[in-house]
Amino acid sequence: MMLVPDNWLFETIKLLAQLGGALLIAWLAVRWALGRYKREKAWDRRLQAFADLVQVLGDMISIQLRWIHELETHGSFSEEYSAKLSERYQSARFRLDEARSNAMLLLPDETNGTIAWLLSSLEQVPDDEGPYTYHTGVNESLNTALELILEQGRKTLGVY
């Protein structure tokens, strides 16, 4: 015959409460860890989107500065080098369109507005006043957009 303690009901309830508490703590810990992982992953993706924008704008500015320097010194690029710069600029412009797609999904409306302003501004730079005026106008728009995006990125990512 098996002996059952007098307080078996109390002991059973105590064991079930401990099991329930352990399961609740485990569930909360998993929820917290998963939430943190998702927040960090989203932050990483936003960081990459800002980094892509900054990199492409930096490339475009660099190319514009080469053209401006060449025009200021009255030198002339070889046709091959000029074609290479044009190709690099078109590639950077294409990358800007790609970065804009990511930005629309991941970045704040303020940043998307800056990109929209930049694209509009690039289309409105007058090209009938000569190449120097055109390239300095493009460079000015690119620099303004870069400054705004850097500021917005620091604010959004909290890296001031």
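**Reading the helices**

Modeller: This is a predicted model. Helix 2, helix 3 and helix 4 are among the elements that cover the buried residues of helix 1.

Biologist: Which residues of helix 1 are buried?

Modeller: An α-helix has 3.6 residues a turn, so residues three or four places apart point the same way. In helix 1 the buried residues are Ala 49, Phe 50, Leu 53, Val 56, Leu 57, Met 60, Ile 61, Ile 63, Gln 64, Trp 67, Ile 68 and Glu 70. After helix 1 comes His 74, with a positive phi near 55 degrees.

Biologist: What span is expected for helix 1, and what does it reach?

Modeller: With 65 residues at 1.5 Å a residue, 96 Å is expected; from first C-alpha to last, helix 1 reaches 95 Å, which is close. For helix 2, residues 79–106, the 28 residues should span 40 Å, and the end C-alpha atoms are 40 Å apart, so the two agree.

Biologist: Which residues of helix 2 are buried, and what covers them?

Modeller: They are Leu 85, Tyr 89, Ala 92, Arg 93, Leu 96, Ala 99 and Ala 103. Their cover includes helix 1 (8–72), helix 3 (109–124) and helix 4 (131–157).

Biologist: How do helix 3 and helix 4 run, roughly parallel or antiparallel?

Modeller: Two packed helices are described by the angle between their axes and the distance between the axes. Here the axes of helix 3 and helix 4 come within 10 Å and cross at roughly 175 degrees. The two helices are therefore roughly antiparallel. Their contact residues comprise nine nonpolar, six polar and two charged. Trp 117 and Leu 118 are among those from helix 3, and Leu 142 and Leu 148 among those from helix 4.

Definitions and conventions
Residues numbered from 1 in each chain as written. Predicted model: local features only at pLDDT ≥ 70, side-chain atom pairs only at ≥ 80, totals over all residues. Heavy atoms only, no water. Helix = DSSP H or I, 4+ residues; strand = E, 2+ residues; numbered from the N terminus. Expected span 1.5 Å × (residues − 1). Buried < 20%, exposed > 50% of the residue type's maximum accessible area, 1.4 Å probe, protein only. Contact = heavy atoms within 4.5 Å. Axes fitted to C-alpha atoms, helices over the stretch in contact; angles between N-to-C directions. Parallel < 35°, antiparallel > 145°, perpendicular 65-115°, else oblique. Nonpolar A, V, L, I, M, F, W, Y, C, P; charged D, E, K, R; others polar.
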